[in-house]
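Me: I'm new to this one. Can you show it to me and walk me through a few spots?

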Amino acid sequence: MAQLAPLKLEVTGEREFVEASKAREFIALWTEQLTAHRQEVQAILGDTTTEGDLGNVVLCDRIRLSDKSFSDEAADIIAAFLKEPFMGGRSIASGILYAELDDIIAGRMTEMGLHVLQTICDAFADAKL
């Protein structure tokens, strides 16, 4: 039976400081991508697939947050999205094998940067990085 490879979620655009509103835009894009991918997986698995079966599928195994510097609020928003069960299934973070996080605190004061880094890293507590 054919299988689809898990997605890689990415932040797009030039290097920038990301506030909460931009983080929500990234999440909206990722949600569209993940939902479409989930539907493709369901089509491949067929009519006998239950919600429980789909809930165990790893939809995403890689994420790239590089080249964006995140505000505390943006980091909180992204971390919450990654930790929440997606469409009743497992969390996105739990399936992540590779996380590209370089420069996510560039230009931040040390204390604020460490908070952002800790927030994002804590989201991957259940990941097998």
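Me: Start anywhere. How exposed is Met87?
Reply: Met87 has a relative accessible area of 41%, so it is partly exposed. Buried means under 20% relative accessible area, exposed means over 50%, and partly exposed is in between, with a 1.4 Å probe and protein chains only.

Me: And where is Met87?
Reply: Met87 sits in the loop between α3 and β5 (98-100). Helices (H or I, at least four residues) and strands (E, at least two) are DSSP runs, numbered from the N terminus.

Me: What should I know about the numbering and the model?
Reply: This is a predicted model, where local features need pLDDT of at least 70, side-chain atom pairs count only at pLDDT 80 or more, and totals for chains, interfaces and linings use all residues. Residues are numbered from 1 along each chain as its sequence is written, and side-chain values use heavy atoms, with hydrogens and water left out.

Me: Back to Met87. What is its phi?
Reply: Positive, about 50 degrees, although Met87 is not a glycine. Most residues other than glycine have a negative phi.

Me: What about Asp67, what is its phi?
Reply: Asp67 has a positive phi of about 70 degrees, and it is not a glycine. Asp67 lies in the loop between β3 and β4 (68-70). Its relative accessible area is 23%, so Asp67 is partly exposed.

Me: New topic. How many aromatic pairs are there?
Reply: A search of the whole structure finds three. Rings of Phe, Tyr and Trp (its six-membered ring) pair if their centres lie within 6.5 Å; planes under 30 degrees apart count as stacked, over 60 as edge-to-face and the rest as tilted.

Me: How do Trp30 and Phe81 sit?
Reply: Their ring centres are 6.0 Å apart and their planes are at 35 degrees, so the pair is tilted. Trp30 is in helix α1 and Phe81 in helix α3, so the pair ties together parts that are 51 residues apart in sequence.

Me: Are those two buried or exposed?
Reply: Both Trp30 and Phe81 are buried. Phe81 has 10% relative accessibility.

Me: Which pair does Phe86 make with Phe81?
Reply: An edge-to-face one, 6.5 Å centre to centre, with 80 degrees between the planes. Phe86 is at 10% relative accessibility, so it counts as buried. Phe26, Trp30, Phe81 and Phe86 form one aromatic cluster.

Me: How big is the largest nonpolar core?
Reply: It has 32 residues. Trp30, Leu65, Phe70 and Leu82 have the most contacts inside it. Such a core is a set of buried Ala, Val, Leu, Ile, Met, Phe, Trp, Tyr and Cys residues joined through side-chain atoms within 4.5 Å.

Me: Which element gives the most to this core?
Reply: α3, with seven residues.

Me: What does Leu82 touch?
Reply: Ile63, Ser91, Ile92, Ala93, Ala123 and Phe124, leaving out residues up to four places away in sequence. Contact means heavy atoms within 4.5 Å.

Me: Last one. At what angle do α3 and α4 pack?
Reply: Helix α3 (residues 72-83) and helix α4 (residues 110-123) pack at about 5 degrees, with axes 8 Å apart. Axes are lines fitted to C-alpha atoms, for helices over the stretch in contact, and angles run from 0 to 180 degrees between N-to-C directions. α3 and α4 are therefore roughly parallel. Angles under 35 degrees count as roughly parallel, over 145 as roughly antiparallel, 65 to 115 as roughly perpendicular and the rest as oblique.
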